[in-house]
Amino acid sequence: MEKLETKDWDRFVCSNSASSIFHGSAWREILVRQGLEPLYLAAIDNGGGIQAVCPFFASKALRGVANVLVSIPLSDVGGPLFADGANK
(Lines give C-alpha, C1' and ligand atoms only; values in the text may rest on other atoms or scores of the structure.)
Protein backbone atom coordinates (compact mmCIF):
# COMPACT_ATOMS: atom_id res chain seq x y z
CA MET A 1 0.00 0.00 0.00
CA GLU A 2 1.36 3.37 -1.01
CA LYS A 3 0.47 6.77 0.33
CA LEU A 4 -0.82 9.20 -2.29
CA GLU A 5 0.56 12.71 -2.01
CA THR A 6 -1.99 15.48 -1.46
CA LYS A 7 -0.85 17.30 -4.60
CA ASP A 8 -1.44 14.16 -6.69
CA TRP A 9 -4.90 13.68 -5.17
CA ASP A 10 -5.83 17.30 -5.88
CA ARG A 11 -4.43 17.15 -9.42
CA PHE A 12 -6.64 14.13 -10.16
CA VAL A 13 -9.69 15.79 -8.58
CA CYS A 14 -9.16 19.08 -10.45
CA SER A 15 -8.82 17.28 -13.78
CA ASN A 16 -12.02 15.27 -13.28
CA SER A 17 -15.23 16.75 -14.71
CA ALA A 18 -17.36 14.94 -12.11
CA SER A 19 -15.50 16.36 -9.11
CA SER A 20 -16.59 19.06 -6.71
CA ILE A 21 -14.87 21.26 -4.16
CA PHE A 22 -15.87 18.62 -1.59
CA HIS A 23 -13.58 15.98 -3.18
CA GLY A 24 -10.43 18.08 -2.67
CA SER A 25 -7.96 18.22 0.19
CA ALA A 26 -9.11 21.68 1.35
CA TRP A 27 -12.52 20.26 2.33
CA ARG A 28 -10.78 17.35 4.06
CA GLU A 29 -8.88 19.83 6.25
CA ILE A 30 -12.12 21.61 7.18
CA LEU A 31 -13.72 18.33 8.24
CA VAL A 32 -10.62 17.22 10.17
CA ARG A 33 -10.83 20.49 12.14
CA GLN A 34 -14.43 19.49 12.94
CA GLY A 35 -13.08 16.28 14.54
CA LEU A 36 -13.78 13.83 11.71
CA GLU A 37 -11.23 11.17 10.81
CA PRO A 38 -10.45 10.90 7.07
CA LEU A 39 -9.81 7.74 5.08
CA TYR A 40 -8.97 8.65 1.49
CA LEU A 41 -8.71 5.69 -0.88
CA ALA A 42 -7.21 5.62 -4.38
CA ALA A 43 -6.95 2.93 -7.05
CA ILE A 44 -3.52 3.06 -8.70
CA ASP A 45 -2.63 1.11 -11.84
CA ASN A 46 0.65 -0.79 -12.37
CA GLY A 47 2.16 2.28 -14.03
CA GLY A 48 1.44 4.48 -11.03
CA GLY A 49 -1.52 6.28 -12.63
CA ILE A 50 -4.56 7.13 -10.55
CA GLN A 51 -7.67 5.34 -11.84
CA ALA A 52 -10.13 6.29 -9.09
CA VAL A 53 -10.35 8.08 -5.75
CA CYS A 54 -12.96 8.02 -3.00
CA PRO A 55 -12.88 10.17 0.15
CA PHE A 56 -14.40 8.74 3.32
CA PHE A 57 -14.69 9.93 6.91
CA ALA A 58 -15.23 7.83 10.03
CA SER A 59 -18.38 8.89 11.83
CA LYS A 60 -20.34 7.69 14.84
CA ALA A 61 -23.81 6.24 14.33
CA LEU A 62 -26.53 4.89 16.59
CA ARG A 63 -25.69 7.37 19.32
CA GLY A 64 -22.00 6.47 19.24
CA VAL A 65 -22.47 2.69 19.35
CA ALA A 66 -21.26 2.05 15.79
CA ASN A 67 -18.60 3.50 13.53
CA VAL A 68 -19.50 4.05 9.88
CA LEU A 69 -17.69 5.42 6.84
CA VAL A 70 -19.42 8.32 5.12
CA SER A 71 -18.27 9.70 1.79
CA ILE A 72 -17.92 13.45 2.22
CA PRO A 73 -20.22 14.31 5.12
CA LEU A 74 -21.72 17.81 5.40
CA SER A 75 -22.01 18.14 1.62
CA ASP A 76 -24.54 17.41 -1.08
CA VAL A 77 -22.16 15.24 -3.11
CA GLY A 78 -19.95 12.26 -2.47
CA GLY A 79 -18.72 8.99 -3.79
CA PRO A 80 -15.87 7.93 -6.03
CA LEU A 81 -14.32 9.69 -8.99
CA PHE A 82 -13.11 7.57 -11.91
CA ALA A 83 -10.46 8.42 -14.48
CA ASP A 84 -11.70 8.96 -18.02
CA GLY A 85 -11.93 5.54 -19.65
CA ALA A 86 -11.60 3.64 -16.35
CA ASN A 87 -13.96 0.73 -15.86
CA LYS A 88 -16.60 1.64 -13.30
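## Salt bridges

A salt bridge is counted here when a side-chain nitrogen of Lys or Arg lies within 4 Å of a carboxyl oxygen of Asp or Glu. Searching the whole structure with this criterion gives three salt bridges. The structure is a predicted model, in which local features need pLDDT of at least 70 and side-chain atom pairs count only at pLDDT 80 or more, while totals for chains, interfaces and linings use all residues. Residues are numbered from 1 along each chain as its sequence is written, and side-chain values use heavy atoms, with hydrogens and water left out.

Aspartate 8 takes part in a salt bridge with lysine 7, at 3.6 Å from N to O, and in another with arginine 11, where the closest N and O atoms are 2.8 Å apart. Because aspartate 8 and arginine 11 are three residues apart in helix H1, about one helical turn separates them; helices (H or I, at least four residues) and strands (E, at least two) are DSSP runs, numbered from the N terminus. Lysine 7 counts as exposed, at 53% relative accessibility, where buried means under 20% relative accessible area, exposed over 50%, and partly exposed in between (1.4 Å probe, protein chains only). The remaining pair is arginine 28 with glutamate 29, whose closest N and O atoms are 3.3 Å apart. Through shared partners, salt bridges join Lys7, Asp8 and Arg11 into one network.

## Arginine 28 in helix H2

Arginine 28 is found in helix H2 and is buried, with a relative accessible area of 15%, whereas its salt-bridge partner glutamate 29 is partly exposed at 34%. Leaving aside residues up to four places away in sequence, arginine 28 touches Thr6, Pro38, Tyr40 and Phe57, contact being taken as heavy atoms within 4.5 Å.

## The nonpolar core

What makes up the largest nonpolar core? Its twelve residues are Trp9, Phe12, Val13, Trp27, Leu31, Tyr40, Ile50, Val53, Phe57, Ile72, Leu81 and Ala83, a nonpolar core being a set of buried Ala, Val, Leu, Ile, Met, Phe, Trp, Tyr and Cys residues joined through side-chain atoms within 4.5 Å. Helix H1 (6-14), helix H2 (25-33) and strand S2 each supply at least two residues of this core.

Leucine 81, which lies in strand S4 (residues 81-82), is buried with a relative accessible area of 3%. Leucine 81 and serine 20 are 61 residues apart in sequence, with their C-alpha atoms 9.9 Å apart in space.

## Strands S1 and S2

Strand S2 (residues 50-61) runs antiparallel to S1 and is joined to it by eight bridges; two strands pair if DSSP finds at least two bridges between them. Glutamate 37 stands opposite alanine 58 in S2. Five residues lie between the strands in the hairpin of S1 and S2, where glycine 48 takes a positive phi near 90°.

Leucine 41 lies in S1 (residues 37-44) and is partly exposed, at 41% relative accessible area. Together with Leu39 and Leu69, Leu41 makes a nonpolar surface patch of about 250 Å². Patches are made of residues with over 30% relative accessible area and no salt bridge, like charges being joined within 9 Å and nonpolar side chains (Val, Leu, Ile, Met, Phe, Trp, Tyr) within 5 Å. Accessible areas come from the Shrake-Rupley method with a 1.4 Å probe, and for residues only the protein chains shown count as cover.
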